[in-house]
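Look through the sequence and the 3D view, then read the points below.

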Amino acid sequence: MAQTAMQTSHGLEKIHLEEVVIRIAGNSQDGIQSVGDMLSRLSGRSKRGVITFQTFPSTISGGPSIFQLRVGGHRLKSVGDEADVLVAFYQHSYRDHIKALRKGGLLIYDADHVTPDPDEKRFHHVGVPMTSLTIEAIGGTAKDKGKNLFLMGLLAKLFDLESDKLEEQIKERFDAKGPKVLAPALNAYHAGYAYDISKIGELFQIEKDPIGRAHPQVCMDGNQALAYGAIAAGIRFGAGYPITPWSSVMEILRRELPKFGGTFLQAEDEIASIAMAVGAAYGGTLAMTGSSGPGLSLKSEIISYAVMAEVPILVVDVMRGGPSTGLPTNVEQSDLNLALYAGHGDTPRIVIAPFSVRDVFHSVVEAVQLMQEYNCPAIFLSDYSLATRVETWPEPNLKESFHIYKPDMSPKGPNFLPYKDTPSGISERIIPGVLMLDGNYPTISGLEHNEAGHPDGSSVMHMKMTAKRRRKLQTLREKLPPVSVYGPETGEVLLIGWGSTKGPIEESVDQLRKEGMDISSLHVKYLSPLQRGIDKVMDRFKHVFVVEMNDSGIYGYGQLASLLRAVYANAKIKGINKTDGLPFKVREIVSAVKSKVMQTVHPSV
Amino acid sequence: MSNELSVLGQIPEDILKATRKNLPSDHPTWCPGCGDFSVLNAYFKLNERRGMMKQNITTISGIGCSSRFPYFVNAHGAHFVHGRALSFATGLSISRPDLHVFVFIGDGDAFSIGGNHLTHTARKNVKMTCVIMDNHVYGLTKKQTSPTSPLGFKSKTDPWGAEDMPIHPIKQLVSAGATFVARTHAAMPEHLLQMMERAMDHNGFSVVEVLSECTEFNRGSFDTALARKGGQFRILEEKKNDGTPEDGKRHDVTDEISALRLANEPWPGCFGVFYQIQRPTKNENEAKHAENAMNKGVAASEIDRLQEMFNVMK
């Protein structure tokens, strides 16, 4: 929390902050998420960057829950390791999260529920009887509902936020529920805003974007970006089955796709949902299904079919902790192997992993473009932390991102071959309703087939068609942009990452470079086919560490590290892995890099 | 479309329109005497009788002997995976309301590996026709017990005779919410064609169970329902609503309990339409949601509609 002080009209010292990390800890029914959401949105509207992190209990109702918010004037990459401000609603919130507060940070606690350790001198303590003040403000309903809005008022005052815009949001949110809900909500907020904060002795002001941004900012979580990205990409049919943390994607699409003449069905199970999507794709509609790890396991037979029959289909996996039911409300990158290989037989496919909420949107659009160009399944690997984190990002230019897909229904033939063995491997698929001029119609098939689509299981045909399906992906590999390096192109240490770890990895690079380490990083967005040039970059560094949120495995390497070792046979590749179900903190990567480099007795560290 | 029409004028009708002559494709790989030939012929006749354009015929199947079906029909089609043909057809039917999708599957597809999908396609009432070619045995894999194999049926997986209660197709389908349920016999081609045609006319999820003998692994299994084999093919009498006293005893196809009572008759039971009702199809419901959503004050162009959604997130 870099800061500069100045006097304010209140007589309080007004401290200028580049950024601030606020963690609110309570229970899941306290409405912490909605406060976090409104604060995020406000920050987006006031041209600040926001990244959030939240946890939910996987129980039906109740249980500890947090919302962490990092707000700042510059471009943020991660949610921040330590909180500058901790709000604790309960004793357990205090107990469990005080360690997340940085030394010298500010603890605001509900004095009605929390008694902080009197010997604790590392933090500034401010007790506010939030529960009783909320009840008082609302008019003695004897319930502490509304405490979240009281807190929001308090934070608005403390951080000198645009209070009128927050009130607007409360109205947007509660207006539809009628005056009996809206009036107490506003009362609670006003009571918080009016609280005498002179005890804290400071007022803060968070920096706005110093450069200003060309586009207005939008504010949403990763699953929203995924759903609206799919719409922009031209997806008009989907089917799915509820599972955390994927469900909100299907809920949004169920509601929004009809506005585009499309539909999203809730299927009876994961298998039916991918089968429906493949059926719709065969019919000439851009189609998708999605799930989390357990569902992707179930879909794998039909992924194999889509490879064989060459049907384009988007399959989303919002990864959570596994194996099995695992950690439904935690993050892990342990489905990479499944995404790369799910399905029997030789099944080349596209696998793309986004790295931020903004990137989720743009990458879904790209994945859909690629799958229809290459007629194969595209697996989209998001994760729990992207799904639930709210980010502000420049509004996309829809003129560039929006696509309307119209299948080619023109008559074909004579002698048309839907599985023609072309040099690129790419052939042109046929959709029901298309007239075949010679009267000969193709069948799509899971059996090995000839170029016309009729069964042919001969050795020659199987070799030829296996190579055709593989060659498409090799063609794509040639067209993908080569990898780029974050930091100098040559050096001592190279970190490689994929998916949502890009932010903390790059912040670690920044920090370690400040400390004098010669370090860079490389982000792998296209996991199948792999982008070209990874080998050449690795050659220019002495150490290569693949940073992944998965286990180091039987042989000592995580899932991407194993893939890179298999592809490049490079013994330099080592792993930095963790499986605690939480996003990487910058300090975790920094200390792991230091100790790994030390292990190889490197003198410069 | 205009491009297509200009082409149409130059193409001989025997290429465009489905006939019994131009529909056969690959020679069927079924064993001689297999009941499935009769279903295939009925399908050719039906498409010819309806004057179907070949380009609009779409045939979907699962896995098994029966499911080789699409390869033998020279029209669009998909040979999908085991058990999931109905789900595939659901996606196709909902997204392509211009097609009438036919699904041909066996008893393994319908009642075992795909049992869940049969139930849910029925309750969703997705518009399509599903023909179940039921032979009471797994034939392609050479004689294992199927979900409809009778008690005591000896197979490679039940060497002491089948002990699991067989699934009753008609009871299962009526209970699941199928809106058209009929039963017929592959050796009775006229009745088979009639049932398939009525199924095609039905607006909703229509199912025809066809007893289709596996001559290789279950020979003679359905003879008890054939007069020429010493059995009896009894067609149920449907209510005609003609006010006559005998009409009172006839079967009302909209009466679920009556359908279940008929289905409960001992083997070989009777044949015909057991159940037919009208309720909104999934296709109609989805189309209605889209129509309502698009009429509800949303922007004219799709890109502007998405822009409106982004505006809310600022």
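Ala239(A) has Leu265(A), in β12(A), as its bridge partner. The model is predicted: local features need pLDDT of at least 70, side-chain atom pairs count only at pLDDT 80 or more, and totals for chains, interfaces and linings use all residues. Residues are numbered from 1 along each chain as its sequence is written, while chains are lettered from A and ligands numbered from 1 in the order in which they are written.

**The sheet**
- Strand β11 (residues 237-240) of chain A pairs with β12(A) in the parallel sense, over four bridges. (Strands pair if DSSP finds at least two bridges between them; helices, H or I of at least four residues, and strands, E of at least two, are DSSP runs numbered from the N terminus.)
- Seven strands of chain A form an open sheet with mixed pairing, in the order β12-β11-β13-β14-β16-β15-β22.
- β12 (263-266) and β22 (526-528) of chain A stand at the edges with a single partner strand each, so one side of each lacks a neighbour in the sheet.

**Helices on the sheet**
- Helix α9 (residues 270-282) of chain A lies across β11, β12, β13 (287-291) and β14 (313-319) of chain A, at about 165 degrees to β13(A). (Axes are lines fitted to C-alpha atoms, for helices over the stretch in contact; angles run from 0 to 180 degrees between N-to-C directions.)
- Helix α10 (residues 293-309) of chain A packs on the sheet and touches β13, β14 and β16 (377-383) of chain A.

**Between the chains**
- 51 residues of chain B are in contact with 58 residues of chain A (C-beta atoms, placed from the backbone, within 7 Å).
- α4(B) gives the largest share of chain B's side, eight residues.
- Strand β18 (residues 443-445) of chain A pairs with β2(B) in the parallel sense over three bridges.

How values were computed:
Contact = placed C-beta atoms within 7 Å.
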